[in-house]
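Welcome! Here is a guided first look at a protein model, taken one region at a time. Have the structure open beside the text as you read.

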Amino acid sequence: MNAVVIAIAVMFILSIARVSVVLTLVISAMIGGLVAGLSLSDTVSAFNAGLGDGAEVALAYAVLGAFALALSKSGLPDLLAHKLIGLLGAEVSQARAKKVKFLLLGILLISAICSQNLIPVHIAFIPVLVPPLLKVMNHLNLDRRAAACVLTLGLVGTYIFLPVGFGAIFLEQILMGNINKIGAAYNLHVDRWMMPMGMAIPVLGMLLGTLVAVFISYRKPRHYIDKAVTRVTTIDLDKPVRIGEVKLEEDAKELQQVASEAPVISKKTMIMAFLAIALTLAAQLYSGSMILGGLVGFAVLSASGIFKWQDADDVFVQGMRMMALVGFIMISAAGFASVMTHTGDINSLVNGVVHLIGDNHALAAFLMLFIGLFVTIGIGSSFSSVPVLAVIYVPLCVQFGFSPLATVALIGTAAALGDAGSPASDSTLGPTAGLGIDGQHDHIWDTVIPTFIHFNIPLLIFGWIAAMVL
């Protein structure tokens, strides 16, 4: 059998069995190399040769983590979250329930979008913002499954479309970088402007899926019981969130009280925090490097005295540690892709698929997306999936005559399927950690299945449409 097929099958089985993603990638690469006839030493050498390809992405993630932690030291993320809570509290006391419902969902969406670029804290805003809003959701009889879909749209839809912050890492360093690296042997090259254009149609599918979730699937009232909850400041996805003993009062009064607990930030600190954000975005957009952007932002925050100079090294290291796992996954995925290339079985796989399908572009696009769905759901991260998918899908796209834009859409969409509906994705685990803090929101039934239905199905359909029309 084809070594690439066996390696991916092993990867899928181990991922479903909840084996560590890094270990899964290493084991799958070793098995794939041995099945292809490579010796163990040659397989290890091929794996090691590819590790450097993931180093840039890993460093970008680490620097972005350091910048995010440094920015949190300014208190700006907490301040914005408390201001949004206060705004909603004022509306609760005087507006109609329907208006408050959509305002609440709008706040969740805007916060999720900003967490990917403007204030790149990813899912770290959820434990600050969501728990104080649960009682309001209860009294509005708002189905939390709709809120989970809104949060996931903001988290995933943003970085697969906007090339700033986490989007710069995904679109330019991972997606564009891997397509150009693998495509060099096939005279395939994509440019930066193609990234958002190629992903626009799939993102439109996610948007329509969210509208269906909010206005059709989960529009009916769903009743919850008011329970005492306590807010947390960080998400530990390996531990259950504890339920506290905090007494809750009326919605508006409680939200106003939470808003009044916002940290007091000096005018100088606020100015420097916004300056750091602006310079980070400017440096990243000008240079095309998130590494440089993150370093500029960290340097501004450090020089402004937001945290002590002697603590700068600790802040940087702790921020990098937050993203360490993602970085190791990126590096391991690059090693896996290198082994698959060295096996020489990719060409035979491509030829076999072409022989099986013939010249049917529509069927080829659907099968690539469908297979990508299983691969990426098993891995649980679109960032980690691209290096694995690109090594196979780029030759397939060239063989079937797909345009560069269509290639971007196919590989980007296939990867996004992992984050949008995987039980192991932080884009689904994060919303559950906030919405399920009182034990009334199940991760699988209330987050994963709703996001799978409303995002993965539209992504399959609209990703296929993009491949056909671009």
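This is a predicted model: local features need pLDDT of at least 70, side-chain atom pairs count only at pLDDT 80 or more; totals for chains, interfaces and linings use all residues.

Helices here are DSSP runs of H or I with at least four residues, numbered from the N terminus.

Although Asn187 is not a glycine, its phi is positive, about 60°. Is Asn187 buried or exposed? Its relative accessible area is 77%, and residues over 50% count as exposed, so Asn187 is exposed.

**The whole protein**

The protein has 22 helices and zero strands. Of its 470 residues, 56% count as buried. Among contacts with a separation of 6 or more, 81% are between residues 24 or more positions apart.

Two packed helices are described by the angle between their axes and the distance between the axes.

| Helix pair | Angle | Axis distance |
|---|---|---|
| H11 (residues 194–217) and H20 (residues 404–421) | about 60° | 8 Å |
| H11 and H22 (residues 443–469) | about 145° | 8 Å |
| H4 and H14 | roughly 25° | within 8 Å |

Let us start with H11 and H20, which pack at an angle of about 60°. That angle makes H11 oblique to H20. Their crossing is right-handed. On the H11 side, the contact is made by Met194, Met195, Met197, Gly198, Met199 and Pro202, while H20 brings Pro404, Leu405, Val408, Ala409, Gly412 and Thr413. By class, the residues of this contact are nine nonpolar, three polar and no charged.

H11 also packs with H22, and the crossing of H11 and H22 is right-handed. From H11, the residues that meet H22 include Ile201, Leu204, Leu208, Val212 and Ser217. Their counterparts in H22 include His454, Phe455, Pro458, Phe462 and Val469. The contact of H11 with H22 holds 14 nonpolar and six polar residues, with no charged ones.

The crossing of H4 and H14 is left-handed. In H4, Glu56, Leu59, Ala60, Val63, Leu64, Ala66, Phe67, Ala70 and Leu71 take part; in H14 they meet Met290, Ile291, Gly294, Leu295, Gly297, Phe298 and Leu301. This contact divides into 13 nonpolar residues, two polar and one charged.

**A closer look at H14**

H14 covers residues 290–303. How far apart are the end C-alpha atoms of H14? They are 20 Å apart, which agrees with the 20 Å that its 14 residues should span at 1.5 Å a residue. Several of the residues in H14 are buried, among them Met290, Ile291, Gly294, Gly297, Phe298 and Leu301. These six residues also belong to the contact with H4. After the helix comes Gly305, whose phi is positive, near 85°.

Ser72 sits in helix H4 (residues 55–73). With a relative accessible area of 34%, Ser72 is partly exposed. Ser72 and Ile306 are 234 residues apart along the chain, yet their C-alpha atoms are separated by 9.9 Å.

Tyr393 belongs to helix H19 (residues 382–400). Is Tyr393 buried or exposed? Residues under 20% count as buried, so Tyr393, at 4% relative accessibility, is buried. Leaving out residues up to four places away in sequence, Tyr393 touches Met368, Ile371, Gly372, Ile411 and Ala414. For one of these, Gly372, the C-alpha distance to Tyr393 is 9.4 Å, across 21 residues in sequence.

Gly421 is found in helix H20. At 2% relative accessibility, Gly421 counts as buried. The C-alpha atoms of Gly421 and Thr447 are separated by 8.3 Å, and the two residues are 26 residues apart along the chain.

Conventions:
Residues are numbered from 1 along each chain as its sequence is written. Side-chain values use heavy atoms; hydrogens and water are left out. Helices (H or I, at least four residues) and strands (E, at least two) are DSSP runs, numbered from the N terminus. The expected span of a helix is 1.5 Å times one less than its number of residues. Buried means under 20% relative accessible area, exposed over 50%, partly exposed in between (1.4 Å probe, protein chains only). Axes are lines fitted to C-alpha atoms, for helices over the stretch in contact, and angles run from 0 to 180 degrees between N-to-C directions. Angles under 35 degrees count as roughly parallel, over 145 as roughly antiparallel, 65 to 115 as roughly perpendicular and the rest as oblique. A crossing is left-handed if the near helix is turned anticlockwise from the far one by less than a right angle, and right-handed if clockwise. Contact means heavy atoms within 4.5 Å. Ala, Val, Leu, Ile, Met, Phe, Trp, Tyr, Cys and Pro count as nonpolar, Asp, Glu, Lys and Arg as charged, and the others, Gly among them, as polar.
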